[in-house]
Amino acid sequence: MRSVIFAVALSLPLPAFAAAVMNVKASEHSCSELTQIIRQNKKVFVRVGFGGRSFRYPPAQCSMGDKRTTTSLRDAGGKQCILDYACVFDPASPYNFP
């Protein structure tokens, strides 16, 4: 019985991890606005075309199976933005093996 209670307690989300991810379209904001949005919201999914990229701030807080890298995208004015705290899929991570 103790192990069941312990398993249920571990499966409950902590308030710090339960924060929702904010969705943002890159074509609606400038580079500086995107940077400010990511720093204020901590977890942001930036839509770029059909796909998108996940950003977390501070950069050391990427999920397991992800790695931190730089990424570039175009803002609303067509300017190239280079952001250095993207969390992307890491094929070399042991968490991504089946």
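Is Lys 42 buried, exposed or partly exposed, and what is its relative accessible area? Lys 42 is partly exposed, with a relative accessible area of 41%; buried means under 20%, exposed over 50%, and partly exposed in between, with a 1.4 Å probe and protein chains only. The residue lies in the loop between H2 and E2, where helices (H or I, at least four residues) and strands (E, at least two) are DSSP runs numbered from the N terminus. Phi of Lys 42 is near 70°, a positive value in a residue other than glycine.

The model is predicted: local features need pLDDT of at least 70, side-chain atom pairs count only at pLDDT 80 or more, and totals for chains, interfaces and linings use all residues. Residues are numbered from 1 along each chain as its sequence is written, and side-chain values use heavy atoms, leaving out hydrogens and water.

The whole structure contains one disulfide, a pair of cysteine sulfur atoms within 2.5 Å. Cys 31 is joined to Cys 81, with an S to S distance of 1.7 Å. This pair links distant parts of the chain, 50 residues apart: Cys 31 belongs to helix H2 (residues 31-41) and Cys 81 to strand E5 (residues 80-89). Cys 31 is buried at 14% relative accessibility, and Cys 81 is buried at 2%.
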